Amino acid sequence: QQLFNHLYDLLKKTTVPDTATLKDATAQLQQVLVNPECIPVLFELSVVSPESTIRQLAAVELRKQVNSDEKSPWLKVPVEHRAAIKKRLLEHLLTEQESIVRHSFARVISAIASVELPQGQWPELLPFVQTICGAQSPVHRESGAFILFTILEVVVEGLQDRVADFLRIFNNLLRDPQSVEVRLVTLRALGTLAGYIDIDDKVEIKAFQTFIPQMLAVLSESLTLDSDEGARHGFDTLSTLLIMETPLLSKHVSEVVTFCVQAGSKVDLDEEIRIMALNALVMTIKYKKTKIHNLQLAPHLVDALMPLLMERDTDDEDEETPARLGVRALDALATSLPPQQVFPRLHELVTQYSHDADSNKRKAALMALGVVMEGCSEFIRPHMNQVWPFVDNGLKDPDASVRKAACTAVGCITEWLDEECIERHAILIPGLLQLTADPITQASACTALDGLLELLGDIIDSYLPLLMTTFAQLLNTAPNKVRAVVIGAIGSTAHASKEKFLPYFKETIVQLAPFLKLEGEGEEEELRGIAMDACGTFAEAVPKEEFLPFYEDLMANAYQSVQSQSARLRECSFLFFGVMAGMFPEKFIPYLPNVIPAFLQSLKLDELGDNATFIETKGQGDSSDTPIQIIESKIDEIEDMDAEALLKVNSAIAIEKEIAADVIGGIFANTREHFLPYLEDTALVLQGLISHYYEGIRKSAIQSIFTFIVTLNELSNPDPWVAGAQNVVPLNDNVAKLISHTMPEILEAFDMEDDKSVAAAICQALADATTKVGPALIKDSFDAICAMCLKILSGKSMAQVDPDQGEEEESAEELAEMDSFLIGACEDLVSSLASVLGRDFVTPFANFLPLISQYYVSPTFFTE
């Protein structure tokens, strides 16, 4: 009784809205709950406490005690007490009035099941659950469905053999005539059950596929409920099915697309629900691209997405809106599908929208034009004369939102069609400069100028006085957000003009000095980072002797920034260090002992940020055996807790790590033997990032590892390599060791890579390293490299096929431009193999020639 009262008091204190009391009670609970005798007491509290909050909290703590580790304290409870608890637990589940408490009971049941069912214990549980799933009371049916959901969620051993039984139960519950709660819980449970169905389970796959229309009907029903919880869980289920290798959705992709489009386009729905639907649509486009291609859905999707771009947008980069998701979906279409399917229809609508009296339509036309550039640029290139009038008119449009959209379109075009933009400089630069005078458009205009000016080279000379005068005025008068993009444009001006920038250099760097000392967050932080980037660009543009007087102060500023709490400032510092190491290697070398630890600290950061307490991670990247990875969510059972938010990646830290991983390779290449004391530690950390879940990090890590191999080989003063697979010139022992430790992992990641840009980057980095190091680099991995190249050239690599695409399902004959880019990079890799192996590549080349030849004659292959 004493322990009962003590635990009751502590749980009661955790409900008090006082931080100190809560902290003290939580600490005491952690001390008390190590005692296995707490399990029966927690159970009693969960069923007899008069307050539902205490019953629920007691059940939550009970669940945690049951499955706290592999040697569960539950097993230390006497068998007869466990039997009594299990019996009463099932009884109280049926009498408990509060839904949140019933759900907590269900999770206790699943926790006990995860311990006992694999040992053949508690045989009466599943028959009990099956019975209440068919009970008269809808509350009991909902409890039964929720228990099955939670049992499946903890992945209990042995349930794989009962998939067919569960499908029969869920078939009735998904169509429950009385309770929407039953139907929604069943929808969640089906998403979890899907994980138990293997790709070879043809009968279960076929059965599950018949559920999809009704699952979509239940999800559709959830959209109009008072709470968005059901919709959120329903879209989570849909997202799960979309990324699975088991083809559970493959027969119903058209219905999924239609549902997502209709829900995302309903302006009378809650905006959050529309955003969920459109996010699901983006996933469908990315993960079911072959189906969407074969069903010829792209033109219909373009028709559906264009009106979304007419809706309100926001300047808040973190806010999601239907318009922003519409842009993202168009981008996914353009990058995932052949441009022949996307751009012709888009061009028709852009033409219509551009001449409409409604300014929102004119804005949408330009937004669409800009966003599809990444995926359709080569297809559009011959037709730019038909595209420029839309942009020219947009820059002069009477509506400011249209002019802003035109500036954004220019920025996108400069990124992908540089030569075409250079040819238009006489029209674009005056037009954009005019818009810098308007407070509404000046930020967008400067962003477009930033992209355009860096392309111009000598052409910029005649514009320099006007540009620098305009930018200097904006730095004095514009708000901080605009100043940041102005400084970016000044950096691009310096990059293009090189030594011609010298007359403006000292005055500009003095003008930027105050920004480098800003200590605020948000816009001030961004302004300081951009100013640091610009100073790095100045170092590359002006003569070294002109920059040197500023070197020490700028290095001190960058080192101060790299020690800050800001991921953005650390990222900018790494970029600055990379430039300084390249421009002034001898002066940079003394900084290595302070700078390299900062890089390593960044590369070991946890991207989960403030949510890290909810996540258990394995490894810190200290060695190849301890790469950083998420292994389990530690989310306590509190209904309505947003698990997706808890697992959201801190993108700022991820980008910081990507930049750090990318720059560190260049620092070794520039500081040469002075970097050697840090080589092993750095290589181990990079190796731990080879299979990182964020594509930018793994790409940068792999590229830098190849830079390490090439640089270390150069430092060893190797004998020149000789073409051929026989009598390979041996490598230095340290070089060979680095290759043997990293190449197997890189090739394994290469085989599993599902991002086209990363796969292409691996091809390019490996081709470059092979050419420089010679046949010794690939002598132990030649077969694996060839196998991967053959997959890519056959269109069968993981980056090219949908997750659930079967062998019998043909990939699209027409290529998306990103596919063309990947295939071109792969052909470069094959060429490098031929270069280093010479005559010994004749036989393997017989396998490659037919595959390469098919692209040579293809009218849809865009790369050289």
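1. The side chains of R141 and D176 make a polar contact at 2.5 Å. A polar contact is a pair of N or O atoms within 3.5 Å, where within protein one must be able to donate a hydrogen and the other to accept it, and residues adjacent in sequence count only if both atoms are side-chain atoms. The model is predicted: local features need pLDDT of at least 70, side-chain atom pairs count only at pLDDT 80 or more, and totals for chains, interfaces and linings use all residues. Residues are numbered from 1 along each chain as its sequence is written, and side-chain values use heavy atoms, with hydrogens and water left out.

2. R141 lies in helix α8, residues 138–153 (helices are DSSP runs of H or I, at least four residues, numbered from the N terminus). With a relative accessibility of 7%, R141 counts as buried (under 20% relative accessible area, 1.4 Å probe, protein chains only).

3. Beyond neighbours within four places in sequence, R141 is in contact (heavy atoms within 4.5 Å) with I132, C133, A135, Q136, L173, D176, Q178 and V182.

4. Helices α19 (residues 339–354) and α20 (residues 359–371) have axes that come within 8 Å and cross at roughly 150 degrees. Axes are lines fitted to C-alpha atoms over the stretch in contact, and angles run from 0 to 180 degrees between N-to-C directions. The pair is therefore roughly antiparallel (over 145 degrees).

5. From α19, F343, L346, V350, Y353 and S354 meet K361, R362, A364, A365, A368 and L369 of α20.

Conventions:
Helix = DSSP H or I, 4+ residues; strand = E, 2+ residues; numbered from the N terminus. Buried < 20%, exposed > 50% of the residue type's maximum accessible area, 1.4 Å probe, protein only. Parallel < 35°, antiparallel > 145°, perpendicular 65-115°, else oblique.
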